[in-house]
Amino acid sequence: QLSFLSSSSGFSQSLEYEADEGGFEFAQKKGYDSTEAINLFEQMATFTKDEEIKEPFFFSSHPKLLERIKKFQELNASKPSTSKTLKIEPENYLNLTRQLRLDNIDMCFERGYYKTAERNIDFYISLYPDDVQGMLRKAELFRRRQDPPPKKKKRQKDEDYIKALDVYEKILFLHPDLPSAWLGKARILQKLSRTEDAKKSFQKYLELEPGSAERLYIEQFLNTLATERAS
């Protein structure tokens with residue numbers, strides 16, 4: 001397979017340009033705003049820069065991101081859209097992509113793409129300021145990015161933990177019976193060595209979520225506190 005791909009890679013660049021142009025024309029014919037095509041490659045360029053990733057192409061003969069941005073700019077200039085009724089339905093689009101945005105943030109967490117996660121979280125919150133899911137992920141960001149790869153810039157842990165605690169406090173002010181917020185708050189308090197406060201938050205979490213898979217761990221922590229106090 002590698003040999004086949006290598007032998008055919010010389011055609012890849014021209015075919016990719018041809019595919020871009022064909023997709024561009026198809027979108028225009030269907031009434032979509034073709035100027036939006038540039039955004040995909042701009043987003044990819046931002047992502048690869050933020051996360052220090054090499055451009056995601058197998059062969060160097062593939063057009064680079066900036067070249068494809070330039071290609072779509074040229075297409076927009078030479079073939080402007082003539083449609084009077086562009087299919088731009090922002091409300092419907094936002095509804096369709098809402099959960100996808102959250103899933104994307106979670107995938108960034110799993111892969112350690114914290115700069116991209118933060119950018120996506122902030123954008124999600126700007127779209128849905130009252131949605132607790134965005135706020136929960138903001139707090140989770142501050143907690144998760146404390147274990148960066150060796151080459152990543154290390155952060156002051158307490159600073160991030162305090163930011164996370166502040167977000168959890170805001171969430172609980174609005175949603176006092178949200179179990180995941182109490183659990184997150186308890187974990188942060190534990191990291192900050194505020195054990196008594198962590199205990200109260202863990203207990204509140206167990207009241208709201210008695211069947212939690214975390215129950216055994218939490219009870220062990222609470223029992224350890226009780227033993228230390230007794231001794």
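Axes are lines fitted to C-alpha atoms, for helices over the stretch in contact, and the angle between two of them runs from 0 to 180 degrees between N-to-C directions. With that in hand, let's look at this predicted model. Helix 5 and helix 6 pack with their axes 9 Å apart, at an angle of about 155°. Angles over 145 degrees count as roughly antiparallel, so helix 5 is roughly antiparallel to helix 6.

**Helix 5 and helix 6**
- These two helices cross in a left-handed way.
- On the helix 5 side, the contact includes Leu94, Arg98, Arg101 and Phe109, while helix 6 brings residues including Tyr114, Asn120 and Leu127.
- Sorted by class, this contact has eleven nonpolar, three polar and two charged residues.

**Helix 10 and helix 11**
- Helix 10 (residues 195-208) packs against helix 11 (residues 215-230) at an angle of about 140°, and their axes are 11 Å apart.
- That angle makes helix 10 oblique to helix 11.
- The crossing of helix 10 and helix 11 is left-handed.
- Among the residues in contact are Phe202 and Tyr205 of helix 10 and Phe221 and Leu222 of helix 11.
- The contact of helix 10 with helix 11 divides into eight nonpolar, two polar and five charged residues.

**The largest pocket**
- The largest pocket holds about 1400 Å³ of space.
- It is lined by 35 residues, and those closest to its centre are Asn39, Leu40, Gln43, Tyr93 and Arg101.
- Helix 2 (12-29), helix 3 (37-50), helix 5 (90-111) and helix 6 (114-127) each give two or more residues to the lining.
- The lining is made up of 20 nonpolar, nine polar and six charged residues.

Note on methods: Residues are numbered from 1 along each chain as its sequence is written. This is a predicted model: local features need pLDDT of at least 70, side-chain atom pairs count only at pLDDT 80 or more; totals for chains, interfaces and linings use all residues. Side-chain values use heavy atoms; hydrogens and water are left out. On a 1 Å grid over the protein atoms alone, a cavity is a set of points where a 1.4 Å probe fits but cannot get out, and a pocket is an open set with protein on both sides within 12 Å along at least five of seven lines; lining residues have an atom within 4 Å of a point. Grid points are joined across faces, edges and corners, and a volume is the space filled by probe spheres set on the points. Helices (H or I, at least four residues) and strands (E, at least two) are DSSP runs, numbered from the N terminus. Ala, Val, Leu, Ile, Met, Phe, Trp, Tyr, Cys and Pro count as nonpolar, Asp, Glu, Lys and Arg as charged, and the others, Gly among them, as polar. Angles under 35 degrees count as roughly parallel, over 145 as roughly antiparallel, 65 to 115 as roughly perpendicular and the rest as oblique. A crossing is left-handed if the near helix is turned anticlockwise from the far one by less than a right angle, and right-handed if clockwise. Contact means heavy atoms within 4.5 Å.
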